[in-house]
Amino acid sequence: MSDNLTQNVLDLLKRLGRSLNRKVSEVIAAILNHKAAGSLGAIAGFAIAVIFTWKFLKPSGGPRRRLPKRRDSDDGDSQSSGLHSLPQLDFEDQVAVEGPPEKIAIRRMVWKKLNGSRRVTCQLLGIILVENSPEELQNHATVRLSVVDILLEICRTCDLYLMERILDDESEERVLLALENAGLFANGGLMKDKVLFCSTENGRASFVRQIEPDWHIDANLEIVFQLSRFIRHQLHISPNPLDGIASNVFTSTSLDQYFSCK
């Protein structure tokens, strides 16, 4: 009923507008034909009157629909709380336990040591690779076989990023080929685009800060010190590990020794 009434009013207004336009046109024509009143001022005055009349009679386009306000802050808070307060569930509830006993033992130890973390960054030289310097990578790159199963288990529950400083593009190709030959890119393991390269040690530290991992693993003590204020947990790998570096820094002689089940 109300819709029909509104439409009838709009039609009436349109008819009045058309009638008024015709009347105004006739008046303007008469003025133009009358020499005494044919001044430009009179014409301008009638034109302004027509414009205001048209504006008044023009039907409204209707009310604008207001979009509901997004609750970004609420969503952000829920996501943030989910990141920093990870659920502490049993191992069996989080990780499948099928496979040989030695694989299950490694899986349990990785889960226990990382404590349900979701993102891990790790240096390549001296930890995953046999080589200890970028200069050595200019000639060869070799993966430590003892860390392959550990890395694959970390990839099962975490986003794993590997990174290293190199001196040329050929070194990057050698490292990627060595990781591929070790089987780290196969069967849903490590992703190739998560192997990062830079030209300086500070570049690696910058990578880590941008990724914001729960854990970072590094052989450079200076980098570990530098990141200790920003990263929740770190593992320093060294032949002569130091105790008391920081409350959130753990130490070990090797990656496989830290995750050892013995």
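Mentor: Start with burial: buried means under 20% relative accessible area, exposed over 50%, and partly exposed in between (1.4 Å probe, protein chains only). Here glutamate 153 is buried at 7% relative accessibility. This is a predicted model, where local features need pLDDT of at least 70 and side-chain atom pairs count only at pLDDT 80 or more, while totals for chains, interfaces and linings use all residues. Residues are numbered from 1 along each chain as its sequence is written, and side-chain values use heavy atoms, with hydrogens and water left out.

Trainee: Which residue meets glutamate 153 in a salt bridge?
Mentor: A salt bridge is a side-chain nitrogen of Lys or Arg within 4 Å of a carboxyl oxygen of Asp or Glu. Glutamate 153 pairs with arginine 156 at 3.4 Å, N to O. Arginine 156 is partly exposed, at 44%.

Trainee: How many salt bridges are there?
Mentor: The count is nine. In one of them, aspartate 218 and arginine 204 have their closest N and O atoms 3.0 Å apart. Both residues are buried. They also belong to a salt-bridge network with Glu164, Arg165 and Glu201.

Trainee: And how many disulfides?
Mentor: A disulfide is a covalent bond between the sulfur atoms of two cysteines. The cut-off is a pair of cysteine sulfur atoms within 2.5 Å. The whole structure has zero. For cysteine 155, the nearest cysteine sulfur is that of cysteine 158, 8.5 Å away. Cysteine 155 is buried, at 14%.
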